[in-house]
Amino acid sequence: MTIIPVHMRLTFLKYFIIRIIVGFIISMTFNSVFAHEPIFGLGPHTIYKGGFGLEMGFERESASDSNEKEKNLVLHNEIIYGLTEDLAITLALPYVLDRKLDAEGIEKSSSGLSDTSLRVKYRFWRHDRPGIQDSAAFIIGTKFPTGDADKSPRLGSGSTDFLFGLAAGRESLLWYYFGDIRYRLNKGSSDLKVGDRFFADVAIGIRPWPAEYLKLDLVVLAELNWETLMRNELDGLDVSNSGGNLLFLSPSFFLTYRNWAVKGGVQIPLYQNLYGNQPGEDYRFKLAVEIHF
Amino acid sequence: MHKLRLSVQIMFVAIIGFIVTPIIEAQIRNVTVAVDGMACPFCAYGVEKKLKKVDGVGSITINIKEGTAVLEAKEGESINVSQVPKAIKDSGFTPRTIKIAATGYIKMDKQQRLMLQISKPVQSLLLVDIKDTAIERLLASATSGVRIKIVGIIQEKSDGTFTLSPQVVEEVSK
């Protein structure tokens with residue numbers, strides 16, 4: 001039985017809605033994945049000047065405890081354009097295929113367009129040597145409330161949110177190294193403000209077989225992804241069953257051929273400290289195809 | 001009458017030769033670019049895309065391990081080497097060295113400098129750092145119309161012009 005703090009005077013229905021939103025927001029990592037980058041973190045890569053990229057993939061998330069189960073299946077679509085060789089703009093159009101929340105025996109599901117986002121990545125530093133590229137970039141993004149916030153479970157946060165990030169990495173013939181920090185500033189809607197998010201990621205990758213052009217190329221990575229979730233606010237009061245810290249170990253890969261890429265990975269929770277009563281993360285999974293023109 | 005006709009024919013050939021010769025001066029048939037930062041095939045696709053738009057390029061061969069892109073010219077055309085550095089930069093990488101193989105004739109400009117001149121597309125490459133072993137062949141081409149093959153390194157100057165440092169100079173038959 002979930003215990004709701006008396007002093008918050010929340011109805012059970014309102015609490016139910018909050019759990020749906022939080023579950024949804026957790027899955028919205030705001031992450032733009034360029035092919036040779038961490039799957040769950042952020043990398044410094046852009047796309048060549050005048051280049052177009054299309055990405056389509058599936059994201060699956062599962063969280064559960066003895067009282068609740070949440071499952072999300074999202075079709076993630078992105079369009080990437082290289083304004084210059086160091087400046088890329090990305091439009092993300094996620095579509096929720098199925099969102100299910102089963103709490104206290106009540107099951108609800110919904111599907112539809114989720115919140116879209118627009119991100120700009122600027123690679124401000126690059127050092128090229130034979131077979132090695134070191135680079136760093138910062139990212140600014142905005143998420144627009146295009147998801148239907150009236151559906152149950154909601155498909156959107158109902159608010160315009162912002163992302164700021166800094167990423168750096170090394171790409172070489174054999175090894176890959178990445179690191180990034182991100183902060184998502186959630187503005188909140190009329191009554192609910194989902195807590196801000198802080199992310200920190202590191203990744204190491206290796207190319208097991210030497211790369212040759214016009215041949216299949218495989219890179220395997222291991223990522224560590226940290227998330228700090230600030231508490232949500234409802235009507236100006238902190239929601240006790242919200243917020244926390246998570247650490248994931250995420251094996252991932254990208255397999256490419258010329259201008260095609262298949263990439264994916266799974267996030268396995270190593271550590272979870274979620275405040276109050278919240279379902280813990282079971283896993284998160286991503287699989288996507290990217291093509292450049 | 002026969003001598004007059006022969007004279008007219010020789011003059012006609014000379015005039016045609018004078019008109020035609022400047023058009024077929026030299027052609028850059030092969031360019032090898034060393035590309036710094038190119039470490040993955042997926043990223044190298046941008047190099048292929050940009051180099052394909054360089055005038056005169058027929059085929060491109062990319063070698064990830066060696067970090068090079070080799071361009072071959074279309075039949076009867078010359079590669080516009082002045083477009084190559086920008087193509088590499090626009091793809092997100094850094095051009096390190098550009099080596100060309102050109103055949104044709106050397107010209108001497110008003111300052112008595114040796115130039116490799118291509119008319120289609122228009123390019124002028126000033127020859128610099130000429131080795132003693134190559135100077136005779138280059139002068140022979142400039143003064144006597146000897147057709148040569150040059151393999152050398154291209155450098156882009158700060159004013160946007162290009163120089164060619166010959167490494168190998170060989171006479172070739174017409």
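User: Where does Leu287(A) lie in chain A?

Analyst: In this predicted model, Leu287(A) belongs to strand E16 of chain A.

User: Is Leu287(A) buried or exposed, or something in between?

Analyst: The idea is to compare its relative accessible area with two cut-offs: under 20% is buried and over 50% is exposed. Leu287(A) has a relative accessible area of 36%, so it is partly exposed.

User: Which nonpolar patch on the surface includes Leu287(A)?

Analyst: Besides Leu287(A), the patch is formed by Leu214(A), Leu216(A), Leu255(A), Tyr257(A), Trp260(A), Val262(A), Phe285(A) and Val289(A), and together these residues have about 780 Å² of accessible area. Two or more residues each come from strands E14 (244-257), E15 (260-274) and E16 (280-292) of chain A. E16(A) gives the largest share, three residues.

User: Where is Asn259(A), and how accessible is it?

Analyst: Look in the loop between E14 and E15 of chain A. Asn259(A) has a relative accessibility of 10%, so it counts as buried.

User: What is Asn259(A) in contact with, beyond its neighbours within four places in sequence?

Analyst: A list of contacts can show partners from either chain. For Asn259(A) they are Glu290(A), Ile291(A) and His292(A), together with Phe42(B) and Tyr45(B). Its side chain also reaches the backbone oxygen of His292(A) at 2.8 Å. Phe293(A) is 34 residues away from Asn259(A) along the chain, yet their C-alpha atoms are separated by 7.3 Å.

User: What about His45(A): buried or exposed?

Analyst: His45(A) sits in the loop between helix H1 (12-27) and strand E1 (52-64) of chain A. With a relative accessible area of 6%, this histidine is buried. Its side chain makes a polar contact of 2.8 Å with the side chain of Glu171(A).

User: How many helices and strands does chain A have?

Analyst: Chain A has one helix and 16 strands. Of its 293 residues, 54% count as buried. Contacts can also be sorted by distance along the sequence: among those between residues at least 6 apart, 63% join residues at least 24 apart. The accessible surface of chain A is about 12,000 Å², and 66% of that belongs to carbon and sulfur atoms.

User: What confidence does the predictor give chain B and the complex?

Analyst: Chain B has a mean pLDDT of 86, with 87% of its residues at 70 or more. Residues 16-24 of chain B are below 50, and that stretch has four contacts in the model beyond near neighbours in sequence. Where pLDDT is low, predicted coordinates should not be read in detail. For the complex, the predictor gives an ipTM of 0.86 and a pTM of 0.85.

Notes: Residues are numbered from 1 along each chain as its sequence is written. Chains are lettered from A and ligands numbered from 1 in the order in which they are written. This is a predicted model: local features need pLDDT of at least 70, side-chain atom pairs count only at pLDDT 80 or more; totals for chains, interfaces and linings use all residues. Side-chain values use heavy atoms; hydrogens and water are left out. pLDDT is the predictor's confidence in each residue, from 0 to 100. Contact means heavy atoms within 4.5 Å. Patches are made of residues with over 30% relative accessible area and no salt bridge: like charges are joined within 9 Å, nonpolar side chains (Val, Leu, Ile, Met, Phe, Trp, Tyr) within 5 Å. Accessible areas come from the Shrake-Rupley method with a 1.4 Å probe; for residues, only the protein chains shown count as cover. A salt bridge is a side-chain nitrogen of Lys or Arg within 4 Å of a carboxyl oxygen of Asp or Glu. Helices (H or I, at least four residues) and strands (E, at least two) are DSSP runs, numbered from the N terminus. Buried means under 20% relative accessible area, exposed over 50%, partly exposed in between (1.4 Å probe, protein chains only). A polar contact is a pair of N or O atoms within 3.5 Å; within protein, one must be able to donate a hydrogen and the other to accept it, and residues adjacent in sequence count only if both atoms are side-chain atoms.
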